[in-house]
Amino acid sequence: WFSEVSCLKGIGPAKQARLLKLGIKTVGDLLAHFPKRYEDRRAFKPISRLTAGETETFVGTVTGGEEVRPRRGMTITKISVADDSGESKLVWFNQAYRNKCFPRGTRLIVTGKIKFFRTAEVYEAETELLANDDPLNTGRIVPVYPAAENVSQRFLRATVRYALDNFRPAELIPPLIIKHYRLIEKNRALENIH
């Protein structure tokens, strides 16, 4: 509980500094960094039924991608995703690597706020490969944490999940009192919160 977050897998000095901006110095601080809200990402909608202005989740197959450079220093990456009902574009700014991440034929679960131009567009979408056996960011009720610059929700969810799986805080309340007052154990409460 009192170990520094740098003991967690994948947390080097740069990521440790990012977490420190959120007041997270120890594993206990991380597990006490509770979500500010939750999003229900269990229900998948067909692309043709997406609603403008809503945060929605859908499944689609990548059909192509393009990069546009409207001005010096800016790249707009667009990935086309389709299902049986229609097509949507996933849009990212200054993230050209996204084209390589999603080759044609990749099946994705996509979550993001929907905007309409000619087709449904999702800016800065969160994506998960459909083949993933344990989706962390979609297909469930997903926590949304207070975050800072350069600290993504995906990173926070993965780091919290690793801490929950590998660091079990000691229960401070005696088992007799937990049973008598029908309290929830600390580890179970943390699992439910996150």
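Helices (H or I, at least four residues) and strands (E, at least two) are taken here as DSSP runs, numbered from the N terminus. The structure is a predicted model, in which local features need pLDDT of at least 70 and side-chain atom pairs count only at pLDDT 80 or more, whereas totals for chains, interfaces and linings use all residues. Residues are numbered from 1 along each chain as its sequence is written, and side-chain values use heavy atoms, with hydrogens and water left out.

Helix α4, formed by residues 153-166, has 14 residues and reaches 20 Å from its first C-alpha to its last, close to the expected 20 Å, a span defined as 1.5 Å times one less than the number of residues. Within α4, the residues Gln153, Phe155, Leu156, Arg157, Thr159, Val160, Ala163 and Leu164 are buried (buried means under 20% relative accessible area, exposed over 50%, and partly exposed in between, with a 1.4 Å probe and protein chains only). These buried residues of α4 pack against α1 (13-20), α2 (27-31), β7 (126-129), β8 (141-144) and α6 (186-193), where contact means heavy atoms within 4.5 Å.

The largest pocket holds about 350 Å³ of space. A pocket is an open set of points on a 1 Å grid over the protein atoms alone, where a 1.4 Å probe fits and protein lies on both sides within 12 Å along at least five of seven lines, and lining residues have an atom within 4 Å of a point; grid points are joined across faces, edges and corners, and the volume is the space filled by probe spheres set on the points. The largest share of the lining of this pocket, three residues, comes from α4.

Although Glu124 is not a glycine, it has a positive phi of about 50°. A positive phi of about 55° is likewise found at Arg182, also not a glycine, which is placed in the loop between α5 (175-180) and α6 and is exposed, with a relative accessible area of 78%. Most residues other than glycine have a negative phi.

In strand β3 (residues 74-83), Thr77 is buried, with a relative accessible area of 0%.
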